[in-house]
Amino acid sequence: MAPSILRIHPADDLIVALHPLQAGEQVSLDGQSWTLRQAVGAKHKFAARDFAKDALVTMYGVTVGRTKAAIAAGELVHTHNLQHATAGFSGKQRDTAWTPPNLSNWTRTTFNGYKRPGTRAGTANYWLVIPLVFCENRNLSFMKEALQKALGYARTGPYEHFARELVGLHQRGATRQEIEESTLALGTHPHQPVPLFPNVDGVKFLEHDMGCGGTRQDAEALCNLLAGYVAHPNVAGATVLSLGCQHAQVSLLEQALEKFHPGYSRPLHIFEQQKALSEQDMMARAIKTTFLGMRDANELRREPCPVSDLVVGVECGGSDGFSGISANPAIGHTADLLVALGASVALSEFPELCGIEQELSDRCVNAALADRFVHLMRTYERAAEACGSGFDANPSPGNIRDGLITDAIKSAGAAKKGGTSPITDVLDYAEPITKPGLSLVCTPGNDVESTTAIAGAGCTVILFSTGLGTPTGNPICPTLKIATNTELAQRMADVIDFDTGAIIRGEKSVTTMGEELLALTLDTASGLAVPKAVSLGQDDFIPWKRGVSL
């Protein structure tokens with residue numbers, strides 16, 4: 001029989017409901033019994049003991065809140081009686097002892113990737129078109145329409161076909177009721193064309209709203225980020241569109257490539273409109289050059305590559321009260337397996353590491369890294385507080401509705417994605433991942449801003465957990481969506497790739513699911529499994545604007 005409640009850590013004084021519990025129901029765990037004073041929904045918590053007002057509350061073995069009122073054992077704990085609170089941290093301790101997981105099933109593991117000179121192997125093969133400033137987005141749109149249609153990458157989805165059916169009904173004189181009763185028949189839309197270049201996964205266009213008008217620091221950060229995309233292992237070459245007068249100058253992009261990606265040698269074609277004979281002349285040259293670059297990129301083939309070439313980002317979005325129990329620990333075990341195999345793993349979203357800073361700083365392999373993590377966390381939080389906010393404001397209404405009632409609770413569960421290995425590097429936004437092992441990467445908690453950042457840092461696959469459901473993807477980095485619960489996996493099967501609900505039901509262990517997820521990750525890296533976000537063309541790209549607009 002599946003368990004109904006869970007205490008995540010022996011020190012916890014909050015108990016999680018694994019399915020809906022009724023008021024007055026009696027539940028037991030580890031020799032303790034409680035009579036519930038209110039109904040407790042699945043994913044929500046009740047008090048394991050009596051609390052006085054202003055008492056600290058523990059979950060995942062760390063402080064996650066402070067009571068706003070007295071709470072009795074068996075009482076529902078929610079935003080009406082609990083507020084965000086965390087323990088202090090210093091970064092001065094070391095605790096890097098680690099027992100790697102059993103690798104007996106993975107000793108000869110490889111993946112089939114695209115080998116690149118001077119860098120790790122890629123898991124995909126894309127061409128990029130990038131504007132340095134929003135003024136070039138119109139030209140970017142023209143290139144996108146022209147190249148994607150002509151080369152066979154344009155998607156004709158079921159909704160365009162459905163809209164045409166509605167037009168046909170109207171033209172045939174259908175009544176309003178007949179149109180309202182029409183249904184969308186998925187899978188009946190026209191056949192997709194075959195790409196002209198079958199070994200090129202696509203040409204991707206990174207539209208954004210930055211490059212000028214903000215701070216010079218934002219322009220520099222943008223160019224650092226874009227340099228990461230240009231030099232990314234999944235990218236064969238890039239075309240850059242510049243106006244000429246913007247803050248994000250071509251020279252900044254070139255400096256970022258030289259600083260962060262020395263020895264970069266793949267094709268990079270830059271077109272500056274204010275130096276061109278005309279817009280038409282520039283566009284013709286940009287399209288022709290991109291076409292020829294893609295023709296060359298089509299000559300590449302996948303080859304066996306060591307797992308140590310992989311850079312895997314771990315991410316979450318639309319999190320729920322099961323995230324830290326099922327999907328995130330499973331991802332964490334996958335992360336530990338990857339680290340043990342010599343790969344790199346990136347844990348990001350610093351607002352969602354709030355409350356477990358001491359544990360993470362203790363795991364840094366030296367004091368300098370620990371101090372840098374502490375500095376980045378405190379600097380980030382001060383910046384948020386200067387705007388009248390703070391890390392405590394991170395949980396969304398959906399997070400709170402589904403059990404993540406303080407940022408510390410959300411963070412303690414989110415950190416499980418990083419596994420248990422020592423932390424080998426700490427990176428600020430747009431700095432590249434260069435070391436094997438687990439890196440902490442400073443990004444926002446916003447899903448797309450974070451996935452945009454870790455892809456720019458060099459991640460070649462992203463493992464993305466979700467409890468509420470999100471279609472988030474990335475233009476160049478295949479993103480696997482991992483559901484925390486089976487109900488979500490079934491309801492949003494069009495966006496979910498992997499279901500960890502069996503952990504909640506007690507049918508599979510975290511270790512088993514982590515190994516299954518590693519197998520899917522390797523198939524994805526080899527091009528054998530295509531994530532739903534890739535199939536849907538979910539190319540989300542949002543750079544982080546850290547400064548104000550001037």
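## Terms and model

Buried means under 20% relative accessible area, exposed over 50%, and partly exposed in between (1.4 Å probe, protein chains only). This is a predicted model, where local features need pLDDT of at least 70 and side-chain atom pairs count only at pLDDT 80 or more, while totals for chains, interfaces and linings use all residues. Residues are numbered from 1 along each chain as its sequence is written, and side-chain values use heavy atoms, leaving out hydrogens and water.

## Overall shape

Let's start with the whole protein. Its C-alpha trace spans about 75 × 70 × 55 Å along the principal axes. Buried residues make up 57% of the 550 residues. Among contacts (heavy atoms within 4.5 Å) with a separation of 6 or more, 73% are between residues 24 or more positions apart.

The protein has 16 helices and 22 strands; these are DSSP runs numbered from the N terminus, with helices being H or I of at least four residues and strands E of at least two.

## An enclosed strand

Now for strand β19, residues 437–441. Why is it largely enclosed by the rest of the structure? Because 5 of its 5 residues are buried.

Two strands pair if DSSP finds at least two bridges between them. Strand β17 (residues 344–347) runs parallel to β19, joined by 4 bridges, and Leu347 stands opposite Leu440 in β19. Strand β18 (residues 423–427) is also parallel to β19, with 4 bridges joining them; here Leu427 stands opposite Val441 in β19.

## A residue in helix α6

Phe291 lies in helix α6, residues 279–297. Phe291 is partly exposed, with a relative accessible area of 30%.
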